[in-house]
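Here is a short briefing on one protein chain. Keep the sequence and the 3D view open while you read.

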Amino acid sequence: MKGISIYRATFILAFGIALVAALYYGRQFFIPFTFGCLLAMLFLPVCKKLESWGVGRVPAILLCLFLIFLLLGAVAAVLSLQAASFAKDLPQIQEKLTQVITTLQDWIQSRFGVSPQKQLDMLKKGVSSLSQSGSNFVTMFFSGLLGSLTSFALVLVYIFFLLWKREKYEEFFLKLTRNENKPEAKETLGQITKVSSDYLAGRMLSMGMLAILYSIGFSIVGLKNGILLGIIAVIPTIIPYVGPLIGGFFPLAMAFVASSSDLVIPVLLVLVVAQAVDNYLIEPFVLGSNLNLSPFVTIVSIVVGELIWGVAGMILFIPLFAMIHIVADHVPALHPIAFLLGDTEGEPAFIGKIKEWVGKAKEKAKK
């Protein structure tokens, strides 16, 4: 059997290393650009619909950008209203937190023989050492904030130009292929656009429905500021697998500190039940099997993304791996990679039956 040439293997390895290095050291450019590309794909159907109604391309794009600000403004308004209610409970939270700290100090004294005063002295030394680097922290904070605002502005600029001259960029990719392969290349671009837009839209819809489940559940069990805690808990869930664990920590902590510790178990049950409903009912419907990535590859994409681009990579590398799978599926030489990345199991059988039942119900409703 003819093996792979050592020169070809060396070239592939060198190309992979160079690509990872470029993505890592060029992350300040690639992260906003990738966000811009994915959001441009998300708003492409909206932009086309507005244009079909007679709206000019530039006004249609500006309306799409306005939708982004509108969504962010709505989330900020809800958070600010809930934060105002949360501020009223601060004295009670501080009192409960003091009790928890006192209990913790007593436990440390009984277990390790360290008196509360000595614990305070150690804490003061730690705070003093931290204060020495406080100015550096403030500088880094405002630098990071300025960088985030700059990146957000760049994302908006990328969205505008990608939607404005979209035919030109599509034609550029088609010119890279042979004439006989252009129909298939165009189909590949269409699938990439659909998968990216469906993933982002489905993820946002899933997060919105999960926030509603969290808020309702927290309110039923009696956790104060349930809407605020529900929104805070759902934000990290944009990162699959890891996000729900991070998001659930704050409601549990607030249930323990701000309210009676008896609420911890009910809040935990709300988190588990809501997450189960999201994983097995909501996501299969709003996301479906469009990504067609195996669970193992999804986890790998999250880990690799975090190593290269940090938190942004944990979000972006999932659709990027899905794009790689689509390209590999259309290139015969890359079919083994497509097989490796793809999900051979598909969606659960009961989800297919539910979708079939919903489809029949819609057809009867139309008749």
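**Core, pocket and helices**

In this predicted model, the largest nonpolar core has 61 residues. Leu163, Tyr214, Phe218, Leu223, Leu293 and Trp309 have the most contacts inside that core. The secondary structure comes to 15 helices and 0 strands. Of the 367 residues, 32% count as buried.

**Overall fold**

- Contacts in the protein with a separation of 6 or more are 70% between residues 24 or more positions apart.
- An unreviewed UniProt entry places the feature "transmembrane region" at residues 7-24, 30-47, 59-81, 137-164, 200-221, 227-246, 253-276 and 296-322.
- Over residues 7-24, the model is 100% helix and 0% strand. The end C-alpha atoms of that stretch are 26 Å apart.
- Over residues 296-322, the chain is 96% helix and 0% strand. Here the end C-alpha atoms are 13 Å apart.

**Second largest pocket**

- The second largest pocket holds about 1200 Å³ of space.
- Its lining has 30 residues. Leu71, Leu72, Met204, Met207 and Ile238 lie nearest the centre of the pocket.
- Six elements are listed as giving two or more residues to this lining: α2 (27-52), α3 (57-88), α6 (134-164), α8 (182-221), α9 (226-234) and α13 (311-330).
- Helix α3 gives the most to the lining, with 8 residues.

- Tyr214, one of the residues with the most contacts inside the largest nonpolar core, is in contact with Gly230, Ala233, Val234, Val270, Leu271, Ala274 and Gln275, leaving aside neighbours within four places in sequence.
- Ser215 sits in helix α8. Is Ser215 buried or exposed? Its relative accessible area is 12%, under the 20% cut-off, so Ser215 is buried.
- Not counting residues up to four places away in sequence, Ser215 touches Gly226, Ile227 and Gly230.
- Helix α9 is largely enclosed by the rest of the structure, because 7 of its 9 residues are buried.
- The buried residues of α9 are Gly226, Leu228, Leu229, Gly230, Ile231, Ala233 and Val234.
- Three of these buried α9 residues, Gly230, Ala233 and Val234, are contacts of Tyr214. Gly226 and Gly230 are also touched by Ser215.

- Arg27 is found in helix α2, one of the elements that line the second largest pocket.
- Its relative accessibility is 32%, between the 20% and 50% cut-offs, so Arg27 counts as partly exposed.
- Which residues does Arg27 contact, leaving aside neighbours within four places in sequence? They are Pro32, Ile308 and Trp309.
- Arg27 and Ile308 are 281 residues apart along the chain, yet their C-alpha atoms are separated by 8.0 Å.
- Trp309, a contact of Arg27, is among the residues with the most contacts inside the largest nonpolar core.

**Phe296 in α12**

- Phe296 is found in helix α12, residues 295-309.
- With 63% relative accessibility, over the 50% cut-off, Phe296 counts as exposed.
- The C-alpha atoms of Phe296 and Gly342 are separated by 9.9 Å. These two residues are 46 residues apart along the chain.

Technical notes: Residues numbered from 1 in each chain as written. Predicted model: local features only at pLDDT ≥ 70, side-chain atom pairs only at ≥ 80, totals over all residues. Heavy atoms only, no water. 1 Å grid on protein atoms, 1.4 Å probe; cavity = no way out; pocket = protein on both sides within 12 Å on 5 of 7 lines; lining within 4 Å. Points joined across faces, edges and corners; volume = space filled by probe spheres on them. Helix = DSSP H or I, 4+ residues; strand = E, 2+ residues; numbered from the N terminus. UniProt positions renumbered as here; feature names shortened; annotations may be inferred. Core = buried A, V, L, I, M, F, W, Y, C linked by side-chain atoms within 4.5 Å. Buried < 20%, exposed > 50% of the residue type's maximum accessible area, 1.4 Å probe, protein only. Contact = heavy atoms within 4.5 Å.
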